[in-house]
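This briefing concerns a single predicted model.

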Amino acid sequence: MRKRTAALGSTLFLALAPGTVALLLPWWLTDWRAGDWWPPVRLLGLVPLAAGAAVLLSAFTRFVVEGLGTPAPVAPTEHLVVGGLYRFVRNPMYVAVDATIAGQALLLARPVLFWYGAFAGLGMWAFARWYEEPALAGRFGAEYERYRRAVPGWWPRLTPCRGE
């Protein structure tokens, strides 16, 4: 796949999948109306919100540049993506989406978003465990198995994996 095609496909998928989970559904649940919590607690929400957005954009870029494909199952990468943030955690996109939702929950002072984030996180875990991991093992074989053993799926390593 050409980088231009991968970039277009990844951008479309970013808008559809994470855009729906991290923006459209939280908006639907809250109408972006804020509750009334202590302002410093609410401002803390900017940290996971900004970090989640930055990680998400970085991870999507990595799929285009390193993987020559998209995160979408219909247009997968040609190469296993193991660089950048993927050296610390296998699922940075899912972690980033949940961080973004947690940040919104704090910023808007809306506990419903914490519950929604937990539900969304469970759905992402199930999809990764029962679809993505078997698909990656089938597609990339031993390369993926080595990567899977070296890099945790959900809680980032403190030091980057160096191809262990």
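The points below are grouped by topic.

The model is predicted. Its largest nonpolar core has 26 residues, and α4 supplies the largest share of this core, with 7 residues.

**Nonpolar core**

- Within the largest nonpolar core, the residues that touch the most other members are Leu 56, Tyr 86, Met 93, Val 97, Ile 101, Leu 113 and Tyr 147.
- Two or more residues of this core come from each of α3 (46–65), α4 (92–108), α5 (111–140) and α6 (142–150).
- Beyond its neighbours within four places in sequence, Val 97 contacts Pro 18, Val 21, Ala 22, Leu 56 and Met 124.

**Aromatic pairs**

- The count of aromatic pairs comes to 6. One of them joins Tyr 144 and Tyr 147 in a tilted arrangement, with 6.4 Å centre to centre and 55 degrees between the planes.
- Tyr 144 and Tyr 147 are separated by about one helical turn, because they lie 3 residues apart in helix α6.
- Tyr 144 has 3% relative accessibility and therefore counts as buried; Tyr 147, at 9%, also counts as buried.

**Trp 38**

- Trp 38 is placed in the loop between α1 (3–30) and α2 (39–44).
- The relative accessibility of Trp 38 is 61%, so this residue counts as exposed, the cut-off being over 50%.
- Trp 38 and Gly 117 are 79 residues apart along the chain, and their C-alpha atoms are separated by 21 Å.

Conventions
Residues are numbered from 1 along each chain as its sequence is written. This is a predicted model: local features need pLDDT of at least 70, side-chain atom pairs count only at pLDDT 80 or more; totals for chains, interfaces and linings use all residues. Side-chain values use heavy atoms; hydrogens and water are left out. A nonpolar core is a set of buried Ala, Val, Leu, Ile, Met, Phe, Trp, Tyr and Cys residues joined through side-chain atoms within 4.5 Å. Buried means under 20% relative accessible area, exposed over 50%, partly exposed in between (1.4 Å probe, protein chains only). Helices (H or I, at least four residues) and strands (E, at least two) are DSSP runs, numbered from the N terminus. Contact means heavy atoms within 4.5 Å. Rings of Phe, Tyr and Trp (its six-membered ring) pair if their centres lie within 6.5 Å; planes under 30 degrees apart count as stacked, over 60 as edge-to-face and the rest as tilted.
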